Amino acid sequence: MIQMKALLFEGRYDSFSRQLSRKLISVVKDSFAATNDISGKYLEHKVYYTANETVPNINSNEAPDVYTEEIENTSIPLEFYLTLKIQWVDGFNNVYCDGNAYNDSTIDADEPPLVEVLLKLDPAMYPNVLSELVSELSDTIRHEIEHLTQSGWNTKPGKYIPTDVKLRRQIETGKLPSYQYYLLPKEIPAMIQGLYNKAKKVRKPFADVVNAHLQTTIDKGWMTPEQSEIVKDTWRTFLPKLAIRQEL
């Protein structure tokens, strides 16, 4: 039986993730002004690029943080730093939303971790892109918050997961197939929680959101349809443990 306490806590995480996504949406709206500025700058940082300009790798130090805040939620509780990188790129014709959690792998840590959110957007898709972006940000932030509870400063009882860095390196180097990333001990709960939060935000069945996400990975060549079924079979076994009463 799923404990009511677990349901209440997961609801707080989801609500908090949506609250933070709204904060970042405000920054996105403000930064759009850079697309009408000859310098392409927002808060003195270059964030807008025309089609003939070289766009720095958003995962590198060449792409600046345009937003940084120390986040503290005393009711969960959670404490971490949140940063945002954003790029407006003419002709991109896509929505790129990703995140990173820089977190200690031990059960205790001396300082709060960092959650980094990365956005790459096409100015031509604004403002219609905002509705999609809200759900993508909620998914990303909820995913990274789950990682924060698995180790380090914000480790929660029963959630600690030892480092899986060796497996990650084997996947990155091709020694293990890429679909194994979706079966990493730290990634399974983070992905499920993020996608479940997104499903609630867009008011679609959880299974539909998961299938759409996995189809994207198939289209990118990261896994085969058969491997996606292996992923779903594994994820199904985790739903009761995560207090998620959904079909998959």
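**Helix packing first**

Analyst: H4 and H6 pack at an angle of about 85°, and their axes are 10 Å apart. Axes here are lines fitted to C-alpha atoms, for helices over the stretch in contact, and angles run from 0 to 180 degrees between N-to-C directions. Before going on: this is a predicted model, where local features need pLDDT of at least 70, side-chain atom pairs count only at pLDDT 80 or more, and totals for chains, interfaces and linings use all residues. Residues are numbered from 1 along each chain as its sequence is written, and side-chain values use heavy atoms, with hydrogens and water left out.

User: Why are H4 and H6 called roughly perpendicular?

Analyst: Angles of 65 to 115 degrees count as roughly perpendicular (under 35 is roughly parallel, over 145 roughly antiparallel, the rest oblique). The angle of H4 and H6 is about 85°, so the two helices are roughly perpendicular to each other. The residues making this contact (heavy atoms within 4.5 Å) are Ile188, Met191, Ile192 and Leu195 from H4, plus Thr234, Trp235 and Phe238 from H6.

User: Which classes of residue are in the contact of H4 with H6?

Analyst: By class, there are 6 nonpolar, 1 polar and no charged residues. Nonpolar covers Ala, Val, Leu, Ile, Met, Phe, Trp, Tyr, Cys and Pro; charged covers Asp, Glu, Lys and Arg; the others, Gly among them, are polar.

User: How do you know that the length of H6 agrees with what its residues should span?

Analyst: The expected span of a helix is 1.5 Å times one less than its number of residues. For the 14 residues of H6 (225–238), that gives 20 Å, and the end C-alpha atoms are 20 Å apart, so the two agree. By the way, helices are DSSP runs of H or I with at least four residues, strands are E runs with at least two, and both are numbered from the N terminus.

User: Which residues of H6 are buried?

Analyst: Ser228, Val231, Lys232 and Trp235 are. They cover an arc of only 100° around the axis, so they sit on the same side of H6. That arc is taken from the directions from the helix axis to the C-beta atoms. Helix H4 (187–202) and helix H5 (206–219) are among what covers these buried residues.

User: What makes Ser151 buried or exposed?

Analyst: Buried means under 20% relative accessible area, exposed over 50%, and partly exposed in between (1.4 Å probe, protein chains only). Ser151 has 2%, so the label is buried. Ser151 belongs to the loop between H2 (129–148) and H3 (165–172). Leaving out residues up to four places away in sequence, Ser151 touches Asn103, Asp104, Ser105, Thr106, Tyr160, Ile161 and Lys186.

User: And why does Met125 count as buried, exposed or partly exposed?

Analyst: Met125 has 25% relative accessibility, so the label is partly exposed. You'll find Met125 in the loop between strand E7 (114–121) and H2. Again not counting residues up to four places away in sequence, Met125 touches Asn93, Asn94 and Val95.

User: What about Asn93: buried or exposed?

Analyst: With a relative accessible area of 61%, Asn93 is exposed. The phi of Asn93 is near 55°, which is positive in a residue other than glycine. Glu44 also has a positive phi, near 70°, and at 74% relative accessibility Glu44 counts as exposed.
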